[in-house]
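Student: I would like to learn how to read a protein structure. Can we go through one together?

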Amino acid sequence: MKQDIYDRITTRIIDSLEAGVRPWLKPWNAEHAAGKITRPLRHNGQPYSGINVFMLWMEAESAGYIAPIWMTFRQARELGGHVRKGETGSLVVYANKITRTEADETTGEDVERTIPFMKGYTVFNVEQIEALPAHYYAAAEAPVLDPGERLAPVEAFLDHTGADIAYGGNRAFYMPSEDRIQMPPFEFFRDPESYYATLLHETVHWTKHPSRLDREFGRKRWGDEGYAMEELVAEIGAAFLSADLGITPVIREDHASYIASWLKVLKDDKRAIFSAAAHAQRAATHLHEMQPASPDPELGDRLDRQRAPIVPQPS
Amino acid sequence: MTWKIENHPKGGLQIAHLVSPRFTARWTTGEFPIEGVREGAFFWTDEGSGLDDAIHLYDFAWDYLVPDQEQLSQLMANATSEIERYIMTGA
């Protein structure tokens with residue numbers, strides 16, 4: 001029997017986690033003109049979101065693609081290109097809904113019912129496609145920013161959230177009862193990127209507060225499924241934000257124990273990873289929406305580049 | 001507007017080309033819907049990248065003349081691209 005989409009994707013992610021690899025940590029050495037670190041992009045420059053982000057990161061990692069741009073067979077054809085013979089596409093998913101008119105069981109009157117569904121489609125990396133316009137294959141220029149300049153926009157991004165952050169101790173965590181993030185001092189981290197990646201992780205937890213996204217998975221103790229699910233959301237959300245802000249995520253020291261707890265959640269519920277990715281996307285979007293209309297030019301440039309079409313859309 | 005995708009009176013969806021050469025056709029994806037074909041003997045399958053990706057057009061109704069082969073290929077490519085856009089965006 002053909003596997004459904006939930007099974008296919010969850011199985012792939014479980015395989016990756018069982019091999020000790022977190023599939024949402026993208027290949028950070030990308031050197032394409034679209035950006036050294038970026039979410040996967042559609043043919044028109046629009047970034048993918050949710051689970052499609054790390055599905056395509058995972059594909060790029062295993063196949064060694066540097067370019068972050070993906071398109072369907074037909075989009076390639078519209079742009080004058082063609083998928084190389086023998087190339088295999090990658091699965092991405094989209095959520096959609098259909099509206100059906102049905103007779104109401106009690107009144108007999110026609111009522112419209114909206115039925116949500118998820119469907120998969122196949123995309124190819126531009127490195128699998130020949131004869132596209134040259135800019136799809138463009139290599140990046142050498143970076144011009146030093147690390148300090150690069151991280152200043154991240155600091156500004158976090159400032160604009162207004163999160164209450166306290167410093168001290170040697171553990172990073174979010175305390176819901178106080179609605180406060182607790183961080184070790186900056187100097188305790190091995191480098192600035194580790195500090196910001198950890199702070200982004202805790203800031204995703206911060207979005208769960210009832211006054212923000214009101215995210216609650218039930219049980220909260222270490223080792224239970226609600227805890228593992230919230231950690232998964234924070235982990236994936238931080239990976240999305242890291243990509244948006246151009247910083248390298250850190251591998252936490254409790255790597256193995258977290259992976260074991262996530263594996264349990266994923267094996268028990270084949271839809272859990274879709275839900276986690278959707279919550280992570282919602283958290284990232286919520287934090288982006290807290291930014292001022294005219295953000296720091298460097299950050300604005302990076303985000304605009306992700307939103308802006310690379311080429312005009314075919315009519 | 002050049003293309004319109006809407007419900008077909010006999011069920012499922014159809015695509016309409018609203019400028020010359022005007023036509024309507026039912027469409028579906030995946031396996032060819034041999035049991036559902038009702039009109040004529042002209043079908044068009046765009047295989048895309050594989051079976052799951054295939055788009056089939058059938059039950060064509062041409063408003064005037066069927067275009068020549070070269071025009072037809074381009075027209076069908078445009079139609080299937082439009083259908084793919086519809087599938088992926090829901091609009």
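Predicted model: local features only at pLDDT ≥ 70, side-chain atom pairs only at ≥ 80, totals over all residues.

Tutor: What follows goes through chains, cores, interfaces and salt bridges in turn.

Student: How are residues and chains labelled, and what kind of model is this?

Tutor: Residues are numbered from 1 along each chain as its sequence is written, and chains are lettered from A and ligands numbered from 1 in the order in which they are written.

Student: How many helices and strands are in chain A?

Tutor: Helices (H or I, at least four residues) and strands (E, at least two) are DSSP runs, numbered from the N terminus. Chain A has 9 helices and 8 strands.

Student: What share of chain A counts as buried?

Tutor: Buried means under 20% relative accessible area, exposed over 50%, and partly exposed in between (1.4 Å probe, protein chains only). Of the 315 residues of chain A, 49% are buried. Accessible areas come from the Shrake-Rupley method with a 1.4 Å probe, and for residues only the protein chains shown count as cover. Chain A exposes about 15,400 Å², with 51% of that supplied by carbon and sulfur atoms.

Student: Which residues touch the most other members of the largest nonpolar core?

Tutor: A nonpolar core is a set of buried Ala, Val, Leu, Ile, Met, Phe, Trp, Tyr and Cys residues joined through side-chain atoms within 4.5 Å. The largest one here holds 84 residues, and A:Trp24, A:Ile51, A:Phe54, A:Ile273, B:Phe23 and B:Leu57 touch the most other members. Helix 6 (residues 225-245) of chain A gives the largest share, 12 residues. This core lies between domain 1 (2-136) and domain 2 (147-307) of chain A, because both give residues to it. Another core, of 12 residues, lies apart from it and includes A:Ala67 and A:Val126.

Student: What is B:Phe23 in contact with, leaving aside its neighbours within four places in sequence?

Tutor: Contact means heavy atoms within 4.5 Å. With those neighbours left aside, the partners of B:Phe23 include B:Trp3, B:Ile15, B:Leu57, B:Phe60 and B:Met76. As for B:Glu70, 47 residues from B:Phe23 along the chain, the C-alpha atoms of the two are separated by 17 Å. B:Glu70 lies in helix 1 of chain B and counts as exposed, at 70% relative accessibility.

Student: Where is chain A divided into domains?

Tutor: Domain bounds come from an automatic or database domain assignment. In chain A they give domain 1 (2-136) and domain 2 (147-307). The contact takes 32 residues from domain 1 and 32 residues from domain 2. Buried area is the accessible area (1.4 Å probe) that two parts lose on being put together, summed over both. For these two domains of chain A it is about 2,800 Å², 66% of it on carbon and sulfur atoms.

Student: How many residues of chain B are in contact with chain A?

Tutor: 17 residues of chain B are in contact with 15 residues of chain A. The two chains bury about 1,300 Å² between them, 40% of it on carbon and sulfur atoms. B:Glu84, B:Arg85 and B:Met88 supply 35% of the area that chain B buries against chain A, more than any other three residues.

Student: Are A:Glu230 and A:Arg215 buried or exposed?

Tutor: Both are buried, and their side chains meet in a salt bridge (3.0 Å, N to O). A:Glu230 is in helix 6 of chain A, while A:Arg215 is in the loop between helix 5 (192-206) and helix 6, 15 residues apart.

Key
Heavy atoms only, no water. Salt bridge = Lys/Arg side-chain N within 4 Å of Asp/Glu carboxyl O.
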